[in-house]
Amino acid sequence: MGVIGGRNLVENTLDPDSSLVARCLRGDEASWEELVRLNTRKVYGLCYRFTGSGSEAQDLTQEVFLRIFRTIKTFRSTEGSFGTWLARVTRNLLIDHYRRTRQERVTDSIEEQLPMLEEVGGAGPARPDQAFAGKEASEILQATLQKLSPDLREAVILRDLQEMEYREIAEVLAIPEGTVKSRINRGRAELGRLLRKQKLAV
């Protein structure tokens with residue numbers, strides 16, 4: 001059988017999420033759960049880096065997967081990978097959230113954010129002084145990211161923290177690749193300048 005759910009087997013091998021999506025569309029609940037499990041950390045990381053709030057990021061991650069669940073029928077593997085489509089959906093939701101909350105922006109206390117950041121970061125260093133240094137650096141990086149404009153922040157997050165290709169970022173943001181590179185360079189320069197002010201940049 002050469003085609004599964006209208007998608008080529010070769011594509012399924014290249015983008016493992018595609019075969020899960022095809023099975024989801026056939027009503028396979030286990031595939032949906034696997035798709036969520038495989039992508040939750042990435043979506044949460046994106047939401048957390050953008051909002052700087054653990055609780056907001058958790059709520060937004062749930063919202064993203066609700067939206068994905070409702071719109072998964074519109075995903076076309078011929079138009080790009082599931083990961084790129086997922087990032088685009090997440091980004092659109094973050095923009096909506098940013099517009100909604102711009103008026104009543106309140107930043108959660110750093111103490112609330114740190115436990116979530118450590119969970120996302122995986123196992124911490126063995127020595128307590130290293131753990132503290134790591135926490136402090138993460139905290140300062142997160143606070144500094146919040147000072148960038150949303151355009152620069154999302155470009156830097158997608159490239160440096162989500163490790164997406166320029167082409168994928170261009171697809172997610174719906175802007176030319178040249179603009180992506182320019183925003184990343186400007187964002188990195190601004191981030192470096194702000195961190196140097198805090199004696200953190202190398």
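In this predicted model, helix H2 (residues 16–25) is largely enclosed by the rest of the structure, because seven of its 10 residues are buried. The buried residues of H2 are Asp-17, Ser-18, Ser-19, Leu-20, Val-21, Ala-22 and Cys-24. Just after this helix, Gly-27 adopts a positive phi of about 90 degrees.

**Nonpolar core**

The largest nonpolar core comprises 43 residues, and Leu-35, Ile-68 and Phe-82 have the most contacts inside it. At least two residues of this core come from each of H2, helix H3 (29–51), helix H4 (54–71), H5, H7, H8, helix H9 (166–173) and helix H10 (177–197). The greatest contribution is that of H3, which gives eight residues.

**Individual residues**

| Residue | Relative accessibility | Class |
|---|---|---|
| Thr-144 | 0% | buried |
| Ala-87 | 7% | buried |
| Glu-34 | 28% | partly exposed |

Thr-144 belongs to helix H7 (residues 128–145). With residues up to four places away in sequence set aside, Thr-144 touches Leu-191, Leu-194, Leu-195 and Gln-198. The relative accessibility of Thr-144 is 0%, so this residue counts as buried, the cut-off being under 20%.

Ala-87 is part of helix H5 (residues 82–101). Apart from neighbours within four places in sequence, the contacts of Ala-87 are with Met-164 and Val-172. A separation of 8.4 Å is found between the C-alpha atoms of Ala-87 and Leu-46, which lie 41 residues apart along the chain. Ala-87 is likewise classed as buried, at 7% relative accessibility.

The side chain of Glu-34 forms a polar contact of 2.9 Å with that of Arg-37. An α-helix has 3.6 residues a turn, so residues three or four places apart point the same way. Glu-34 can also be placed relative to H2: its C-alpha atom is 9.8 Å from that of Cys-24, at a sequence separation of 10 residues, and Cys-24 is among the buried residues of H2.

Notes:
Residues numbered from 1 in each chain as written. Predicted model: local features only at pLDDT ≥ 70, side-chain atom pairs only at ≥ 80, totals over all residues. Heavy atoms only, no water. Buried < 20%, exposed > 50% of the residue type's maximum accessible area, 1.4 Å probe, protein only. Helix = DSSP H or I, 4+ residues; strand = E, 2+ residues; numbered from the N terminus. Contact = heavy atoms within 4.5 Å. Core = buried A, V, L, I, M, F, W, Y, C linked by side-chain atoms within 4.5 Å. Polar contact = N/O pair within 3.5 Å; in protein donor to acceptor, adjacent residues only side chain to side chain.
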